[in-house]
Amino acid sequence: MDVKAKVNELLQPYLNEDQYFIVGIQVSPSRTRAKITVLLDSDTGITIEECAGISRQLGNQLEELEVFDGQAFTLEVSSPGVDEPLVLRRQYLKNVGREVEVLLNDGQIRKGKLESIGDDHIVITEIPLKKPKKNDPPIEPTAIPFTEIKKSTIQVSFK
């Protein structure tokens with residue numbers, strides 16, 4: 001079993017029966033000190049204290065099991081930052097109502113308010129590039145299949 005799979009397995013008891021979910025696990029081996037980065041989230045967010053508690057417990061287990069054969073390692077458990085792309089359907093669900101930027105596989109960029117999530121797509125209402133005129137038709141929501149999305153990020157608004 002590789003290290004990433006082992007970390008995933010060891011994390012399962014700390015997810016509080018699906019309260020938390022794994023967004024990503026990255027293992028960067030090194031001759032001097034391996035680095036493990038775990039990104040966790042929940043539908044209501046995850047605190048620094050919760051990440052620290054999981055990190056302590058997971059770190060102790062990794063040491064006990066000598067996952068790196070006694071070699072030093074660094075473990076970082078955190079929530080994905082606002083600049084991290086959305087990768088799971090569950091992340092999209094928690095961000096309904098927020099502004100997103102969606103990079104499509106063909107290179108097009110769509111910006112808009114995330115309206116809803118279907119089984120295989122998201123729905124956004126695009127933000128017009130210029131202020132609409134009185135006679136302009138209303139902007140209709142657009143469905144974007146997950147298969148056409150290369151990357152989606154939440155746009156931070158300072159309004």
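I started at Leu62 and looked up its contacts beyond the neighbours within four places in sequence: Val7, Leu10, Ile36, Val67, Phe73 and Leu75. The model is a predicted one, and I read every entry below with that in mind.

Next I asked which core Leu62 belongs to. Leu62 sits in the largest nonpolar core, which has 22 residues, and together with Val38 it touches the most other members. I noted the elements that give two or more residues to this core: H1, E1, E2, H2 and E3. I also found another core lying apart from it, with 12 residues, among them Leu86, Tyr92, Ile122 and Ile154.

Then I went through helix H2, residues 48-64. Which residues of H2 are buried? I listed Cys51, Gly53, Ile54, Ser55, Leu58, Gly59 and Leu62. I recalled that an α-helix has 3.6 residues a turn, so residues three or four places apart point the same way. The cover over the buried residues of H2 includes helix H1 (3-11) and the strands E1 (20-28), E2 (34-42) and E3 (73-78).

The UniProt annotation, from an unreviewed entry, reads "domain: Ribosome maturation factor RimP N-terminal" and covers residues 10-83. In the model, that span is 26% helix and 32% strand, and its end C-alpha atoms lie 27 Å apart.

I moved on to the open sheet. What is the order of its five strands? I read E7-E6-E5-E4-E8, with antiparallel pairing. E7 and E8 (149-154) are the edge strands, since each pairs on one side only. The twist from one strand to the next averages 45°.

I then took the pairs in turn.

- E5 (residues 109-117) and E6 (residues 121-126) are antiparallel over five bridges. They make a hairpin with three residues between them, and Gly112 has Glu126 in E6 as its bridge partner.
- E6 and E7 (residues 142-145) are antiparallel over four bridges. Ile122 has Ile144 in E7 as its bridge partner, and I had already met Ile122 in the core of 12 residues.
- E4 (residues 99-104) and E8 run antiparallel and are joined by five bridges. Val102 has Ser152 in E8 as its bridge partner.

Key:
Residues are numbered from 1 along each chain as its sequence is written. This is a predicted model: local features need pLDDT of at least 70, side-chain atom pairs count only at pLDDT 80 or more; totals for chains, interfaces and linings use all residues. Side-chain values use heavy atoms; hydrogens and water are left out. The expected span of a helix is 1.5 Å times one less than its number of residues. Buried means under 20% relative accessible area, exposed over 50%, partly exposed in between (1.4 Å probe, protein chains only). Contact means heavy atoms within 4.5 Å. A nonpolar core is a set of buried Ala, Val, Leu, Ile, Met, Phe, Trp, Tyr and Cys residues joined through side-chain atoms within 4.5 Å. Two strands pair if DSSP finds at least two bridges between them. UniProt positions are given in the numbering used here, feature names are shortened, and annotations may be inferred rather than shown by experiment. Axes are lines fitted to C-alpha atoms, for helices over the stretch in contact, and angles run from 0 to 180 degrees between N-to-C directions.
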